[in-house]
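Here is a short report on helix packing and strand pairing in one model. Look at the structure first, then read on.

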Amino acid sequence: MAITAAQVKELRERTGSGMMECKKALVETSGDIETAIEWMRKQGLAKADKKAGRVAAEGIIVTTVSQDGRKAVMVEVNSETDFVAKNEDFRQFAEDVAHKVLISNPATLDDLLSQPLDKGGESVDEKRHALVAKIGENLNVRRFILIEAENGRIGRYVHGDRIGVLVAVEGGEEALAKDLAMHIAASKPQAIAAKDIPADILDKERAIQVAQAKDSGKPPEIIEKMVQGRLQKFLGEITLLGQPFVKDPDIKVEKLLKDAGANVYRFARFEVGEGIEKKVENFAEEVRSQAQGD
């Protein structure tokens with residue numbers, strides 16, 4: 001049967017798919033709109049399964065906060081390319097996931113993925129799967145965190161969609177919480193204070209410093225003092241309280257907080273793709289693969 005322009009237009013509006021894809025679906029289903037939608041979905045999900053093994057190391061960091069400002073969420077959602085990270089559907093999906101975490105406080109990532117994302121009843125993972133089919137890239141909800149500040153406030157900061165920070169602060173002004181979030185984004189502290197650094201990290205650093213100090217040929221008691229001094233410097237570099245404040249390097253964060261009568265009791269910093277081993281692609285092969293519809 002002949003497929004009309006009106007039918008193609010309606011299917012495009014309902015699915016957001018391209019004109020040729022819609023026309024093909026209508027031809028395959030004899031012009032039945034509902035059957036065409038189902039056909040397209042099946043075709044798309046089959047393609048989505050093929051893309052599941054691809055590395056997704058680009059994407060965005062999204063944060064959202066409750067109305068009272070005492071609860072905040074940060075989510076990392078990954079795509080294969082930074083181009084897709086700018087896609088409106090992808091960004092809306094990430095926003096929806098963050099809001100879902102805020103209202104449901106899932107215990108694990110698997111718990112989040114299994115929960116319904118909207119009134120239609122489709123789960124977060126089903127929505128993700130459908131978006132993979134529509135966009136044509138592998139997409140992943142990688143991680144999330146929910147932080148509550150029962151007796152304070154939460155500072156948050158997102159730098160270029162790629163670095164996000166939440167910090168729970170007791171005392172001080174709202175501007176201080178924001179400044180601390182910006183500092184953490186820039187300075188990447190591993191913990192709040194020296195006591196929070198795991199023993200294995202300290203042991204590893206001590207071993208490195210001892211090995212270097214022994215090469216100096218100095219007596220053991222001098223070597224011990226050298227190692228202790230270098231360890232203190234190391235702790236100052238990797239702990240929030242020991243770092244120079246980015247907006248005023250003449251003052252340490254610890255003194256900044258003391259002067260403001262404030263205390264940081266939790267923070268989280270996400271950076272897009274950190275820890276993901278990126279696959280080096282041959283661009284020509286990638287273009288050829290895309291052209292062949294892989």
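## Helix pair α8 and α9

Helix α8 (residues 199-214) and helix α9 (residues 220-238) have axes that come within 9 Å and cross at roughly 135°. Axes are lines fitted to C-alpha atoms, for helices over the stretch in contact, with angles from 0 to 180 degrees between N-to-C directions. α8 and α9 are therefore oblique to each other (under 35 degrees is roughly parallel, over 145 roughly antiparallel, 65 to 115 roughly perpendicular, the rest oblique). The crossing of α8 past α9 is right-handed (the near helix is turned clockwise from the far one by less than a right angle).

Contact means heavy atoms within 4.5 Å. On α8, the contact residues include I201, L202, E205 and R206. On α9, they include I223, M226, L231 and F234. By class, this contact of α8 with α9 has ten nonpolar, three polar and five charged residues. Ala, Val, Leu, Ile, Met, Phe, Trp, Tyr, Cys and Pro count as nonpolar, Asp, Glu, Lys and Arg as charged, and the others, Gly among them, as polar.

## Sheet and covering helix

Three strands form an open antiparallel sheet, ordered β4-β5-β8. β4 (153-159) and β8 (263-271) are at the edges with a single partner strand each, so one side of each has no neighbour in the sheet. The twist averages 10° from one strand to the next.

β4 pairs with β5 (residues 163-170) over seven bridges, in the antiparallel sense; pairing takes at least two DSSP bridges between two strands. R153 stands opposite V169 in β5. Helix α7 (residues 174-187) lies across β4, β5 and β8, at about 40° to β4. Helices (H or I, at least four residues) and strands (E, at least two) are DSSP runs, numbered from the N terminus.

## Basis

This is a predicted model: local features need pLDDT of at least 70, side-chain atom pairs count only at pLDDT 80 or more, and totals for chains, interfaces and linings use all residues. Residues are numbered from 1 along each chain as its sequence is written, and side-chain values use heavy atoms, leaving out hydrogens and water.
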